[in-house]
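Dear colleague,

I am passing on the structure below, and I would be grateful if you could look through it alongside the notes that follow.

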Amino acid sequence: MNLIDERVVELLRAGGGIVSGERLCGELEMTRAAVWKHIDALRKAGYRIDSCPGSGYRLAAAPDVPFPCEVRNGLKTTCLGAAVEFLETTDSTNRQMAARARAGAPHGSVLVADAQTAGRGRMARQWFSPPGSNLYFSLLLRPDVVPMKAPQLALLAGLALARAVETLCPELTPKVKWPNDVFLNGKKLSGILCDMDAETDRVHYLVVGVGVNVNLSADEFPPEISGLATSLRAELGKTVPRTALLTAFLNAFEPIYESWLADGLAAWLPELGEKSHLAGRELAVEVGRESLHGRAVGLSCNGGLLLDCGGTSPRELVCGDVRIV
Ligand code: BTN
């Protein structure tokens, strides 16, 4: 898919029905033979385009691949997704987005890949990233905030993803697991990895990387995570459009992000509490070299986990690796 292919899709979609070859030639300033080559390339990329002899072309169906023109088609945002890039395969969308951020990519840029060869999770873990079924994307943010507030964005991205899942699959009840996961029926559906570049009192940029198990079937997970992870398809018994999930995420996240930037986290604490995967549970938490045991009693106003370890007041954790015991 190149930029002209995408333009052809947009013209066919804007036309609504049959779009004449003449119109396409005029808009694209090219010959009929050149237009046909782009139609052919689009068909090879999975688009169903009907040729209507004597009258033109009609877009009958689009593949569920997050090509930029497909993502833009569902967006209702002003900033997030203003620039979208799709890669068939890459090492890590977070790594690639960080390089683009250093080169000056604008706030709201999105990089999405069909597959990753070195998808990264927290604590140097790998993120299983096979092609054709899941979502792997990174969103570039340039918030004018102090670095210590940045972890709140992983929580809020989790909230936006939970909302996006609810929009597409109202029968599901996704939960946000502090500090950076989304769980479904007790298993991990999505992980969020925030990479930050900052100085002591200023964030330069933040890359919010999101991996979602969308259409992987239960038997496709590697054995080491198969009991711990799930996908939307595994829970629902049917496939879910991953492009629509990406746009639903961006549509959900933008107002949350804007409100957070203007007024902070407080407005989102009640919903984070309702959707909490950890609330009331007994936990083992690794914080650096320290191992803590306690009961999750909520989130602090800073987005820290409040853990009742039996002392006079709960401990506020700003980061940690959490396991339910
Ligand atoms: C975790 O659970 O530890 C976080 C996993 C984050 C995975 C996503 S996939 C898209 C983006 N690119 C990466 O290399 N990682 C994140």
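A definition comes first: rings of Phe, Tyr and Trp (its six-membered ring) are paired if their centres lie within 6.5 Å, and planes under 30 degrees apart count as stacked, over 60 as edge-to-face and the rest as tilted. The model is a predicted one, in which local features need pLDDT of at least 70 and side-chain atom pairs count only at pLDDT 80 or more, while totals for chains, interfaces and linings use all residues. Residues are numbered from 1 along each chain as its sequence is written, and side-chain values use heavy atoms, with hydrogens and water left out.

On that basis, the search of the whole structure finds 6 aromatic pairs. In one of them, tyrosine 47 and phenylalanine 67 are stacked, at 6.2 Å centre to centre and with 20 degrees between the planes; tyrosine 47 is in the loop between helix H3 (32-44) and strand S2 (48-52), and phenylalanine 67, 20 residues apart from it, is in the loop between strand S3 (56-61) and helix H4 (68-74). Phenylalanine 67 also pairs with phenylalanine 86, here edge-to-face, at 5.1 Å centre to centre and 80 degrees between the planes, and phenylalanine 86 belongs to strand S4 (residues 84-90). Tyrosine 47 and phenylalanine 67 are both buried (under 20% relative accessible area, with a 1.4 Å probe and protein chains only), and phenylalanine 86 is buried as well. Separately, Phe137, Phe249, Phe253, Tyr257 and Trp260 form one aromatic cluster.

Turning to the pockets, a pocket is an open set of points on a 1 Å grid over the protein atoms alone, where a 1.4 Å probe fits and protein lies on both sides within 12 Å along at least five of seven lines, and its lining residues have an atom within 4 Å of a point. The largest pocket has a volume of about 1100 Å³, and of the 42 residues that line it, Arg125, Trp127, Asp181, Lys188 and Ile225 are the closest to its centre. Strand S9 (187-199) provides the largest share of this lining, 5 residues, and the lining as a whole divides into 16 nonpolar, 15 polar and 11 charged residues (Ala, Val, Leu, Ile, Met, Phe, Trp, Tyr, Cys and Pro count as nonpolar, Asp, Glu, Lys and Arg as charged, and the others, Gly among them, as polar).

The second largest pocket holds about 580 Å³ of space, and S9 gives the most to its lining too, with 5 residues.

With best wishes

Terms used
Points joined across faces, edges and corners; volume = space filled by probe spheres on them. Helix = DSSP H or I, 4+ residues; strand = E, 2+ residues; numbered from the N terminus. Buried < 20%, exposed > 50% of the residue type's maximum accessible area, 1.4 Å probe, protein only.
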